[in-house]
Amino acid sequence: MNSWKSGRKILLGITGGIAAYKIPALVRLIKKSECEAEIILTNSAKNFVAPMTLETLSGRQVWTDENFDFHIPHIKLNDWSEIFVIAPCTANTLAKIAHGIADNLLTSAAVAAHCPVLIFPAMNEHMFENPATQENIKILSERGFQVIAPAEGELACGISGKGRMNEPNEIMFEIFRALSPVRDLVNKNVLVTTGPTHEYIDPVRFISNPSSGKMGAAMARAAWYRGANVRVISGPVEIDSYGFEVTHVKSALEMLDAVKKNLPWADYIIKAAAVGDYRAQNFSQQKIKREGKDALTIELEQNPDIAAEVGKLKRENQILIGFAAETQNISENAREKLARKNLDFILANDVMAEGSGFAADTNTLQLIPRDENKHVKFYSGLKEDIAFEIWNDVSL
């Protein structure tokens, strides 16, 4: 884990909504991330989640109106915290904070807050869309509070609509984005390709590779933490895409088409996908049967080189970063690709090395710049950590 993500001090406020049932899972994620949590629970929230549960998971006393005493906890907790997260936040509490009403420990702490405040509303769709609620959100946003729009989905009242609180892992993403020590990509547009491609031979068989998409997803997430607008073009793998615009593709031709459509938008293009070099010359519309065949010959033809195509089309102020998965002559092969594809940087790795390459959570990479005045950089460790370091070296 990135060193900046551990040891963070998170003040967590919980109000009386049914979505409070998700908070124990959030507290577990906070602890798993090696962070600390102090928790404020409103009296209404105690109807949905027990203080003892939260104390057990956090390892700390839970603060309620009953222990709002001469210790002035709403001030001391704010002095301690680096970020204040209110989840779930009911329409009632949202309105109180917007209008400076401090009639319980949580709202008093919110009024006294002097750190980033993230608010996660959770309520019925009609309550959320009510003009009064929307006006309160506008007031809070103008005052520097970050109100994270709820998701759409099934609500406690039985209808489906907008008002569902974000999932615990999504709340953690928002916490770390707010706490990121570097915000150099604000208002920048980052396009990332990731995952393998499937080059179909017939309707049920394809040629592919073991790419998991983890390195590309890590590059996208690190850019998002640093403030970027992120679009991901993903081959057929599962990635946690919260915060990203995602286009799902299967083949290299589909990926090329998606990249070209998004190219004018992008400031940075990260070509982390493991695109198939070849596809079947003649796709069989029906499943190929093996009966009567001792051998099968499949004619292959080259797929377009997407990175090279982008290298020809990119603007002068666009940064193009490629990846080279190699098994031998790592630096030499990577430098050849860097020049041939008109890349600004290339990240090369030995996929035969232990703990490196496809499907692993770790990687070993070398960053080779086109600018010969810049030094080659080496990285080793978790892909999540490496991605943040790479952005330190390639962002303008």
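Which side chain meets that of Arg8 in a salt bridge? Select Arg8 and Glu82, whose side chains meet in a salt bridge at 2.9 Å, N to O; a salt bridge here is a side-chain nitrogen of Lys or Arg within 4 Å of a carboxyl oxygen of Asp or Glu. Arg8 lies in the segment before β1 and Glu82 in the loop between α3 (73–80) and β4 (83–89), so the pair ties together parts that are 74 residues apart in sequence. The structure holds 21 salt bridges.

Before moving on, keep in mind that this is a predicted model, in which local features need pLDDT of at least 70 and side-chain atom pairs count only at pLDDT 80 or more, while totals for chains, interfaces and linings use all residues. Residues are numbered from 1 along each chain as its sequence is written, and side-chain values use heavy atoms, with hydrogens and water left out.

**First stop: the six-stranded sheet**

Colour the strands in the order β3-β2-β1-β4-β5-β6, and you will see an open sheet with parallel pairing. Helices (H or I, at least four residues) and strands (E, at least two) are DSSP runs numbered from the N terminus, and two strands pair if DSSP finds at least two bridges between them. At the edges stand β3 (62–63) and β6 (146–147), each with a single partner strand, so one side of each has no neighbour in the sheet.

Now select residues 9–14 and 36–41, which are β1 and β2, paired in the parallel sense over six bridges; within this pair, Gly13 has Ile40 of β2 as its bridge partner.

**Second stop: the eight-stranded sheet**

Next, show the open sheet of eight strands, ordered β13-β12-β9-β14-β17-β18-β19-β20, where the pairing is mixed. Its edge strands, β13 (245–248) and β20 (377–382), each pair on one side only. Zoom in on β12 (residues 229–234), which pairs with β13 in the parallel sense over four bridges, and find Ser234, whose bridge partner in β13 is His248.

Helix α10 (residues 252–262) lies across β9 (189–194), β12 and β13, at about 160° to β12. Helix α13 also packs on the sheet, touching β9, β14 (268–271), β17, β18, β19 and β20, and its direction makes about 155° with that of β20.

Select residues 199–202 and 205–207, the strands β10 and β11, which pair in the antiparallel sense over three bridges and form a hairpin with two residues between them. Tyr200 has Phe206 of β11 as its bridge partner.

**Last stop: the largest pocket**

Finally, show Ala273, Ala274, Val275, Phe323 and Ala325, which lie nearest the centre of the largest pocket among its 40 lining residues. On a 1 Å grid over the protein atoms alone, a pocket is an open set of points where a 1.4 Å probe fits, with protein on both sides within 12 Å along at least five of seven lines, and lining residues have an atom within 4 Å of a point. The largest share of this lining, four residues, comes from β17.

Key:
Contact = heavy atoms within 4.5 Å. Axes fitted to C-alpha atoms, helices over the stretch in contact; angles between N-to-C directions.
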